[in-house]
Amino acid sequence: MAVALAPWSEHDEPLLHVLLGDPAMMEHLGGPESPDRIGARHRRYLASPADEPQFKVLEGDLPVGWVGYWRRRWRGADVYEMGWSIAPAAQGRGLASRAAGLAVAHARDHGTLTAVHAFPMPGNAASNAVCRKAGFTLLGETGFDYPPGTAIRVNDWCSELS
Ligand SMILES: CC(C)(COP(=O)(O)OP(=O)(O)OC[C@H]1O[C@@H](n2cnc3c(N)ncnc32)[C@H](O)[C@@H]1OP(=O)(O)O)[C@@H](O)C(=O)NCCC(=O)NCCS
């Protein structure tokens, strides 16, 4: 089945609740988000600037997940950070790996920065595998702040865009 990215739209809030409201889905991301927080995140995604696009992942016509990237300051440079999430019923079919590859290509074609990073926790085996399969290079383990105010350890994966 074809995998494609489409801009986040006003109809996509229920998908975000599936992705971010489930404790199992959020095991490596600080736990589930509250319905209010998910609603606020949905509105942020709708208003995201062109340089920080948020996409739904489509398998055929069916929305099955999210991928996006945004700017952050990292080790003295402006870079993109990328994140992804695929609904439990659609996992294990290579969708996140292909969606991440499409999002990296989008950043390469449309972005203004020269590198994109992803920061999965070392124990998030599936997300680390997505990084590897989407062509990121592992730079090493490092300290990180997520959710804001919480110190965690993550793997720093990077894909050069230029
Ligand atoms: C991470 C996530 C997006 C992967 O989605 P997915 O569509 O199932 O990923 P893929 O099918 O592309 O699989 C990628 C690789 O991960 C591997 N994988 C999947 N689940 C795994 C698991 N639980 N343990 C180890 N490896 C796993 C797959 O085997 C595959 O590698 P392979 O093709 O070499 O076998 C999904 O598990 C998810 O949404 N998790 C919750 C949100 C999250 O953690 N996001 C990342 C934040 S950094």
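Analyst: Helix H1 (residues 13-20) lies across strands E2 (54-59), E3 and E4, and runs at about 75° to E3. Helices (H or I, at least four residues) and strands (E, at least two) are DSSP runs, numbered from the N terminus. Axes are lines fitted to C-alpha atoms, for helices over the stretch in contact (heavy atoms within 4.5 Å). Angles run from 0 to 180 degrees between N-to-C directions. This is a predicted model: local features need pLDDT of at least 70, side-chain atom pairs count only at pLDDT 80 or more, and totals for chains, interfaces and linings use all residues. Residues are numbered from 1 along each chain as its sequence is written, and side-chain values use heavy atoms, with hydrogens and water left out.

User: In what order do the strands of the open sheet come?

Analyst: The order is E1-E2-E3-E4-E5-E7-E6, seven strands with mixed pairing; two strands pair if DSSP finds at least two bridges between them. Strand E1 (3-7) and strand E6 (137-145) are the edges, each pairing on one side only.

User: How many bridges join E3 to E4?

Analyst: Strands E3 (residues 62-74) and E4 (residues 77-86) run antiparallel and are joined by 10 bridges. Trp 66 has Ser 85 in E4 as its bridge partner.

User: Changing topic, how many disulfides does the structure hold?

Analyst: It holds zero disulfides (pairs of cysteine sulfur atoms within 2.5 Å).
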